[in-house]
Amino acid sequence: MEKTLFAQTGEIRGKKQQGAVSASFQFTPEQEQLRQMRGNLFFLVQIKGDSDDKSLGTARQLFTGFKDKFYAAAGSNLKAIEEAVDYLKGLVKQQGLEADVAVANLWGSVLYVAKIGEAGLILVRKGAAKKIDVTKVASGVLQDGDNVFLADPLFLKEADFTFLADQTLREDFDESLKAIHEGIKEKEGNAFSIRFSVQEPVETPQPILIADLDKGSKIYEPPSTQGALDSVRGRLPLHLPNVRIENRFLKDKAAQVRGFLTKVGQQLYPYARRASFIIASPWLPRAPGSIEEVSLKKRQRIIQIVVVLGAVLVISVVAGLINHTQTVKKERFEAVITSIEGKLADAEALKDINSIGARDYISQAQGELDKLSAKDPRVARLQKKLDILIEKVNKIYKIKLVSFRDLSALKGGIDTKELKLAGSSLFVMDVGTGSLYKVSLGEGTASILVSEKKGLQNMAPEAEFIYLQTKTEISKVDAQTGIESRVATSSPDWKNLIAADTYRSNLYLLDTDDKQVWKYAPFSDGLSGPQAYFSQDFKENFVSFAVDGAIWVASKNEIFKFFAGNKDKFVVKGAPGKFSNIKDVYTTEFLGNLYVLDKTESGIFVIEKTTGNYLGLYKAGEFTQAEAIAVDEAKKTVYTLINDTIFSFSLR
């Protein structure tokens, strides 16, 4: 039997202090898993100020901030309380407070303590009291009957340690608390008392009935076999254990089993009949005129009784082992189910305040769940709950695409490749027919802006015009009239241009073979010659890019940020996984986020540009066939090009 650990608590309040307010708090998590992991929290704070109501509100705010930080922190209790103390110091400094704090965390029999300012802690053990010296954080093991006082500065100064030690010797905690209160009520200072107790298990002796084994029983020889067997049963009151054997493997096979048993029964019947005669013969009455040896029959009966008893014993042992095995298996199953449910509850509680901790619990729960049979209904329900929780924690949103505009009716044999948003229109490049389409966002109407342009490779639109790049030239197209003018000829530096973009009338061409971006600046009525943007060499194979002042370049599984020709520091933080097959990236100088289309993930990642923080993943099966994306953040709408049709969905 296990020992029971518990703590009794109470406040000790002295005379009202001038210009200061002391408040104490305690907290026990409702969730069993969090309670087992972190234990109970006790908190005393003194705040100097003129208004008691305002000081009490501030005290509760400090406690809430400390508590939330402590229970959300990862790692050991000691590390968690240290992080919470640092956080609390920041709050106190930020609000310009004069505060003294004493904290205790009781986890089983281990006590973790910390303090800020002049507050402190007193330990009373076996009639001796002393102040606990704490620089920042400390820990120790409590013993049965130990008393711990969280004290504000005045209580530490005014308290008589000998008096405290004497009063805590009382067995009744309430009486002890009352006596201490009476002793200090005329003094200034407040404290919070904790008494730790260990209750030993109590074993109650049970009466044992011993059967009278000295009485013999008369052996009776019945005149018939049935009577003999009834007599044996009467003298041997044996009870076979209830054997519970799982028979799910026989489900839907009843007819086959019956047929098999019938066939076996027919084959064994002659042998069973002969065996039954041999077994019953010692119990049959002697036939008239037959010569039988009585002692031989008695020996045969005794042998049969011994065999039956042995068989019953073996069956009992085997049945017991089966029952024990099934019981252990069931207990283990229930323990794993309970553990999984606890981890899911903890992940649910942490999902909004500590996504990393929530993912850790989810990973542990998934590992335990994978070891169980997926056919069990409870396992299936937990897996479904886990999948939903994974989406919540990882901010994964399953969305339904809405058809915005089908372009296949505009021309025959089209092969749309690129989608861009500029002004109030979407522009789509068709490399199949060398055409450029303009789609109004308001009405969704589509028109052909440029038709049958030979060798068309890339486009880069702005609100008033669009750059078109072919194998031989770069032209500028009016966004309203479609009138074209050549602004530059092809360059011998070009190798394999796969994308184009603009920034403030500058044109940028992504050359994946040359591992370079060629920049063209406006010059007179045309464009200047190509300037190499990158000032250093890179080995990655680029697949897409976007320009917003900086240049964001994507390989199949990574995003790079360049500024002024040099590689800038950029790391994606908090994403549930890594990129694996990037098809397109999209942003502009007016957007706060970077949007990444990953075909293997079948979704679009949203990344905050300034911090690299992961904001969400929008998933739909159709994204595996998507070619390009464009985003209108003001209207929270994303457009994607799939099989010559523009689809859309809304951001959350």
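Predicted model: local features only at pLDDT ≥ 70, side-chain atom pairs only at ≥ 80, totals over all residues.
1. Helix 10 (residues 355-370) packs against helix 11 (residues 377-393) at an angle of about 155°, and their axes lie 11 Å apart. Since angles over 145 degrees count as roughly antiparallel, the two helices are therefore roughly antiparallel to each other. Their crossing is left-handed.

2. On the helix 10 side, this contact is made by Ser-355, Ala-358, Arg-359, Ile-362, Ala-365, Gln-366 and Leu-369. Helix 11 contributes Val-379, Leu-382, Gln-383, Leu-386, Leu-389, Ile-390 and Val-393. By class, the contact of helix 10 with helix 11 has ten nonpolar, three polar and one charged residues.

3. Helix 2 (residues 52-72) and helix 3 (residues 77-94) cross at roughly 145°, with axes that come within 8 Å. The crossing of this pair is right-handed. The contact of helix 2 with helix 3 has eleven nonpolar, two polar and two charged residues.

4. The second largest pocket has a volume of about 510 Å³. Its lining comprises 25 residues, of which Leu-421, Ala-422, Pro-461, Thr-588 and Phe-590 lie nearest the centre of the pocket. By class, the lining divides into 14 nonpolar, four polar and seven charged residues.

5. Several strands contribute to the lining of the second largest pocket: strand 13 (416-422), strand 21 (497-503), strand 27 (544-547), strand 31 (582-586) and strand 35 (626-632) each supply at least two residues.

How values were computed
Residues numbered from 1 in each chain as written. Heavy atoms only, no water. Axes fitted to C-alpha atoms, helices over the stretch in contact; angles between N-to-C directions. Helix = DSSP H or I, 4+ residues; strand = E, 2+ residues; numbered from the N terminus. Parallel < 35°, antiparallel > 145°, perpendicular 65-115°, else oblique. Left-handed = near helix turned anticlockwise from the far one by under 90°. Contact = heavy atoms within 4.5 Å. Nonpolar A, V, L, I, M, F, W, Y, C, P; charged D, E, K, R; others polar. 1 Å grid on protein atoms, 1.4 Å probe; cavity = no way out; pocket = protein on both sides within 12 Å on 5 of 7 lines; lining within 4 Å. Points joined across faces, edges and corners; volume = space filled by probe spheres on them.
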